Number of protein chains: 2
Amino acid sequence: MTTATQRILGVDPGLTRCGFGLIDMAGNRTASFVDVGVAGTDAADPLDVRVLRIWEATERWIERYRPDALALERVFAQTNVNTVIGTAHASGAVIASAARHGVPVAWHTPSEVKAAVTGEGRADKASVARMVVRILQLDEAPRPADAADALAIAICHGWRGGGTGVDATARTETHQGARPLAAARSGMTPAQRAWAEAEHRAKRGGRR
Amino acid sequence: MTTATQRILGVDPGLTRCGFGLIDMAGNRTASFVDVGVAGTDAADPLDVRVLRIWEATERWIERYRPDALALERVFAQTNVNTVIGTAHASGAVIASAARHGVPVAWHTPSEVKAAVTGEGRADKASVARMVVRILQLDEAPRPADAADALAIAICHGWRGGGTGVDATARTETHQGARPLAAARSGMTPAQRAWAEAEHRAKRGGRR
């Protein structure tokens with residue numbers, strides 16, 4: 001509804017690697033790249049030191065770029081049980097940092113993010129990275145993968161909006177996960193349809 | 001080894017209710033009560049608002065009392081799957097707050113806490129609350145239960161020490177959970193043995 005450009009910080013939370021991806025989403029829904037990076041912590045360090053490093057990194061990103069929104073990948077209890085607590089600790093630090101700066105936080109599920117950037121909720125990491133490069137007109141895919149994922153989360157938030165609160169995203173996940181490509185495209189802007197068609201052509205043209 | 005009094009902030013983490021219990025542990029291992037409270041958040045509020053409230057509460061406790069250590073109950077992935085992510089988010093905010101103030105964070109498992117204050121790793125909440133009242137010489141049990149638990153976590157940390165890092169507490173959990181009362185008592189100070197014996201007499205004297 002707004003025509004103003006929105007600055008969005010996407011965060012792929014994790015203790016070992018936490019990806020940060022910053023984009024500007026124009027009122028015409030054109031996404032442009034601003035910055036990307038990864039905060040890493042050493043698994044040998046005490047947990048409080050690791051959580052502090054993630055918190056400090058979030059503070060630096062927010063204070064430097066003053067984003068209008070921070071979008072996080074939602075942590076699921078069902079997947080990766082061994083690392084889910086650490087990821088949730090990292091997320092808690094990221095959320096606290098954003099909230100204390102008055103930056104609204106939104107959550108998107110992995111399949112929402114994949115569907116938003118590739119049109120396919122079960123896309124693999126390589127497809128997500130390829131579409132991030134295309135949408136943001138980058139020269140190459142950001143490394144490591146967490147950086148590309150963070151940009152994908154930011155793009156997803158720019159196009160979808162909303163996503164505040166755990167229950168809301170849980171509901172969306174159910175529908176989005178099984179959402180067919182055609183239905184996903186029906187809600188697209190002309191720009192989104194253009195890249196979706198480009199992706200479709202690329203897929204037919206040759207796979208690598 | 002030190003004879004200085006240590007000020008310990010115990011935290012029973014949670015989004016709906018987060019308990020804070022502050023004690024001073026003297027060099028002779030005598031625990032004395034300083035303050036106790038609970039930070040509550042509304043389940044209807046957005047998750048970022050709730051995490052911020054917990055973060056702000058932790059900041060207030062730390063800035064007001066400058067504890068020497070913060071002790072947290074360790075979050076387990078295996079238990080309470082529905083709430084564990086929220087609890088881990090709250091913990092992440094608590095950890096970030098403590099770490100940025102240079103307050104070392106330690107973790108103790110529920111059975112370590114129960115064993116420390118009651119001599120029994122599977123003690124129920126009422127027994128824990130009763131022993132907290134006795135150890136700290138309170139007039140009545142703090143309400144709600146999260147407040148008593150937070151004090152129990154602080155006492156546990158004062159007597160046990162250590163507990164830094166997730167893997168260390170995971171290892172301890174295995175042994176401590178099945179640790180027999182006699183063995184638990186063998187590591188007690190005279191003061192601890194005194195209350196353990198008082199508790200034993202109270203149990204024989206009459207149950208309510």
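Guide: **The sheet of chain A**

In chain A, five strands make up an open sheet with mixed pairing, in the order 3-2-1-4-5. The model is predicted: local features need pLDDT of at least 70 and side-chain atom pairs count only at pLDDT 80 or more, while totals for chains, interfaces and linings use all residues. Residues are numbered from 1 along each chain as its sequence is written, chains are lettered from A and ligands numbered from 1 in the order in which they are written, and side-chain values use heavy atoms, with hydrogens and water left out.

Strands (E, at least two residues) and helices (H or I, at least four) are DSSP runs, numbered from the N terminus; two strands pair if DSSP finds at least two bridges between them. Strands of a sheet pair through backbone hydrogen bonds, either parallel or antiparallel.

The edges of the sheet are held by strand 3 (31-40) and strand 5 (105-108) of chain A; each has a single partner strand, so one side of each is left without a neighbour in the sheet. From one strand to the next, the twist averages 20°. Strand 5 of chain A runs parallel to strand 4 (residues 69-73) of chain A, and four bridges join the two. Across from A:Ala71 stands A:Ala106, in strand 5 of chain A.

Angles run from 0 to 180 degrees between N-to-C directions, with axes fitted to C-alpha atoms, for helices over the stretch in contact. Helix 3 (residues 110-118) of chain A packs on the sheet and touches strand 4 and strand 5 of chain A, its direction making about 85° with that of strand 5 of chain A. Helix 5 (residues 145-160) of chain A lies across strand 1 (6-12), strand 2, strand 3, strand 4 and strand 5 of chain A, at about 40° to strand 2 of chain A.

Rings of Phe, Tyr and Trp (its six-membered ring) pair if their centres lie within 6.5 Å; planes under 30 degrees apart count as stacked, over 60 as edge-to-face and the rest as tilted. Over all chains, a search of the whole structure finds five aromatic pairs. The pair of A:Phe20 and A:Trp61 is stacked, because the ring centres are 5.5 Å apart and the planes at 10°. A:Phe20 lies in strand 2 (residues 17-25) of chain A and A:Trp61 in helix 1 (residues 47-65) of chain A, so the pair ties together parts 41 residues apart in sequence. A:Phe20 is buried (under 20% relative accessible area; exposed is over 50%, partly exposed in between, with a 1.4 Å probe and protein chains only), at 0%. A:Trp61 is buried as well, at 13%. Ring pairs link A:Phe20, A:Trp61 and A:Tyr65 into a cluster.

Note on methods: Contact = heavy atoms within 4.5 Å.
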